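Please look over the notes below with the model open beside you.

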Amino acid sequence: MKKLLAMLLALSMCLSLVACGSSSASTGDDSAGGSDTFAQEESSAASESNAEAEDDAGETGDDEASATITTVTEGVLTMSTNAAFPPYEMTTDDGGFEGIDVEIATAIAEKLGLELQIDDMDFDSALLAVQQGKSDIVMAGVSVTDDRLLVMDFSDSYATGVQVVIVPEGSEVTVDTLGDYVIGTQRATTGNIYCTDDYGEDHVVAYDNGVTAVQALMNGQVDCVVIDSAPAQEFVAANAGLTILDTEYVSEEYAIGVAKGNSALLEAINEALAELTEDGTIQSILDKYITAE
């Protein structure tokens with residue numbers, strides 16, 4: 001009997017130990033499962049944090065890219081011009097400005113999130129203003145030349161300019177005989193530069209603007225005027241007795257001048273010009289002021 005009781009007691013103790021062992025293993029599995037869940041949550045949180053950091057970095061990059069564009073006056077795109085060059089730039093009755101360059105500059109400023117300010121001055125002063133940091137851009141029917149490329153940078157071309165010769169009706173002046181006559185030009189323009197290089201300073205008279213040059217022609221002070229085709233048509237239409245020779249003097253490209261080395265602004269302007277060309281804005285502005293002949 002004692003032996004039977006002893007055996008039963010031993011069996012009971014073994015069953016108790018097995019039960020305890022099962023409980024401990026179960027607890028271990030639960031702990032492991034809890035640890036995996038925590039690790040997954042921690043990994044998810046880290047991923048979200050990294051994603052947020054990347055988004056913040058991207059936004060910061062965009063802000064920094066925008067901040068690299070510096071202008072003479074914060075928030076303003078200052079344009080120097082000579083507003084006596086229709087239809088590219090001219091004054092309105094209320095003292096404002098209008099024309100091809102004015103509208104294109106306005107569209108570019110809007111693309112860049114800037115307000116456009118226009119400073120009117122002599123043509124050569126307009127060129128100097130951007131070189132001296134007094135303006136951000138110069139637009140005044142400015143042609144790209146090797147000499148100008150030495151002192152400023154230029155955007156992509158947005159229009160083609162053609163130099164023509166204005167003469168009185170019945171004049172014997174031709175493009176081939178320009179060197180035999182006195183030629184009126186606008187100071188510092190390519191027309192003035194080309195004529196001076198081709199025929200010498202003795203045959204060329206430079207005026208502050210095209211209006212004054214044409215007035216000198218009307219008064220008989222010069223024999224002809226060399227100037228861009230678009231303003232030439234405006235001047236001839238406004239002054240009876242003048243005509244434009246059929247033969248063009250020279251063809252060139254118009255572009256926007258910026259300070260030498262201002263690559264951030266130049267790149268932004270070129271991007272804006274590309275978009276405005278792609279969506280037809282540039283062509284619609286040109287068509288508005290220059291009708292097909």
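1. Helix 2 passes helix 9 in a right-handed crossing. Helix 9 covers residues 281–289. The two pack at an angle of about 160 degrees, with axes 9 Å apart. That makes helix 2 roughly antiparallel to helix 9. The classes are: under 35 degrees roughly parallel, over 145 roughly antiparallel, 65 to 115 roughly perpendicular, the rest oblique. Axes are lines fitted to C-alpha atoms, for helices over the stretch in contact, and angles between N-to-C directions run from 0 to 180 degrees.

2. A word on the source. This is a predicted model, where local features need pLDDT of at least 70, side-chain atom pairs count only at pLDDT 80 or more, and totals for chains, interfaces and linings use all residues. Residues are numbered from 1 along each chain as its sequence is written, and side-chain values use heavy atoms, with hydrogens and water left out. Helices (H or I, at least four residues) and strands (E, at least two) are DSSP runs, numbered from the N terminus.

3. Which residues join helix 2 to helix 9? Helix 2 supplies Ile100, Glu103 and Ile104. Helix 9 supplies Ile282, Ile285, Leu286, Lys288 and Tyr289. Contact here means heavy atoms within 4.5 Å. By class, this contact of helix 2 with helix 9 has six nonpolar, no polar and two charged residues. Nonpolar covers Ala, Val, Leu, Ile, Met, Phe, Trp, Tyr, Cys and Pro; charged covers Asp, Glu, Lys and Arg; the others, Gly among them, are polar.

4. Helix 2 (residues 100–112) also meets helix 8 (residues 263–278). Their axes come within 9 Å and cross at roughly 110 degrees. That makes helix 2 roughly perpendicular to helix 8. Helix 2 passes helix 8 in a right-handed crossing. On the helix 2 side, the contact uses Ile104, Ala107, Ile108, Lys111 and Leu112. On the helix 8 side, the residues include Leu265, Ala268, Ile269 and Glu275. The contact of helix 2 with helix 8 divides into 10 nonpolar, no polar and two charged residues.

5. Now the rings. Ring pairs link Phe85, Tyr88 and Tyr254 into a cluster. Rings of Phe, Tyr and Trp (its six-membered ring) pair if their centres lie within 6.5 Å; planes under 30 degrees apart are stacked, over 60 edge-to-face, the rest tilted. The count is two aromatic pairs. Phe85 and Tyr88 form a tilted pair, 5.9 Å centre to centre, with 35 degrees between the planes. Tyr88 and Tyr254 form an edge-to-face pair at 5.0 Å and 85 degrees. The latter pair links distant parts of the chain, 166 residues apart: Tyr88 is in the loop between strand 2 and strand 3, and Tyr254 is in strand 13.

6. Buried means under 20% relative accessible area, exposed over 50%, partly exposed in between (1.4 Å probe, protein chains only). Tyr88 has 2%. Tyr254 is buried at 1%.

7. Check the backbone at two places. Most residues other than glycine have a negative phi, and most peptide bonds are trans. The peptide bond from Pro86 to Pro87 is cis, with omega near 0 degrees. Ala188 has a positive phi, near 70 degrees. Ala188 is in the loop between strand 9 and helix 5.

Technical notes:
Left-handed = near helix turned anticlockwise from the far one by under 90°.
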